[in-house]
Amino acid sequence: YGVVLRQPLFLLLLLVMVGYGAAEWGQGNWFVSYAVDGLALPSEDARLLLAWFTGGMVLSRLGFALLLRWLSAARLMILLGALALSGALLIKLGLGSLWLILGNFLLGLGVGGLFPLMLATAMDLDSDNGPVLSGIASIGSSIGFQFAGLFTGLWAQQAGILQAYWIVPLACGWLLLMIILFSRRLTLLSAKA
């Protein structure tokens, strides 16, 4: 892992995956608690709202490759990251079920296609190290999972879930920033090739 992680692009891959894991796991693990305990929605409604997140993820994962006909991988990653951040902010700042539906769907669209797109892009650059790159992506997302789960729980104990849910928008902000840095490095490497 050390040899691969010394390359800035693959270190950025790790950092993107930390944000990805925190955003996906934070949303999947904490949204229902946020909606029920923070927004006082019935638990059934909260679960149905979360289904929009899952639907967005599935649609993104199945359809992101179609967009590669018109967008470069770097631009598509930035678009997906921007959708994720927009969705998370709509969930946190929007009022009413319509905003929660739209936010969940956009967040799902944003994160759904990112993992396979990031991994495929990295493997295209260094196919000989495919298993290592897959490991880096998995380790990064696992770190993000753990961070989102533990930190949100600790924050919720201190300030309540309404405040602690800020972890998801913050994770999406980190995700977008790391994607922008990754995409810039990718564009530089493509220009040199």
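I started at one helix pair. G110, V111 and G112 in α5 meet L114, F115 and P116 in α6. I took contact as heavy atoms within 4.5 Å. By class, this contact has four nonpolar, two polar and no charged residues. Ala, Val, Leu, Ile, Met, Phe, Trp, Tyr, Cys and Pro count as nonpolar, Asp, Glu, Lys and Arg as charged, and the others, Gly among them, as polar.

I noted the basis. This is a predicted model, where local features need pLDDT of at least 70, side-chain atom pairs count only at pLDDT 80 or more, and totals for chains, interfaces and linings use all residues. Residues are numbered from 1 along each chain as its sequence is written, and side-chain values use heavy atoms, with hydrogens and water left out.

Next I looked up the geometry. α5 and α6 pack at about 20°, with axes 5 Å apart. That makes the two helices roughly parallel (angle under 35 degrees).

Then I checked α6 itself. Its twelve residues should span 16 Å at 1.5 Å a residue, and its end C-alpha atoms are 17 Å apart, which agrees. L114, L117, M118, L119, T121 and A122 are buried in α6 (under 20% relative accessible area, 1.4 Å probe, protein chains only). Their cover includes α2, α3, α4, α5, α7 and α9.

I finished on α4, residues 73–93. From first C-alpha to last, α4 reaches 30 Å, close to the 30 Å expected. Its buried residues include A74, L76, G81 and I91. The buried residues of α4 pack against α2, α3, α5, α6, α8 and α9.

Methods
Helix = DSSP H or I, 4+ residues; strand = E, 2+ residues; numbered from the N terminus. Expected span 1.5 Å × (residues − 1). Buried < 20%, exposed > 50% of the residue type's maximum accessible area, 1.4 Å probe, protein only. Axes fitted to C-alpha atoms, helices over the stretch in contact; angles between N-to-C directions. Parallel < 35°, antiparallel > 145°, perpendicular 65-115°, else oblique.
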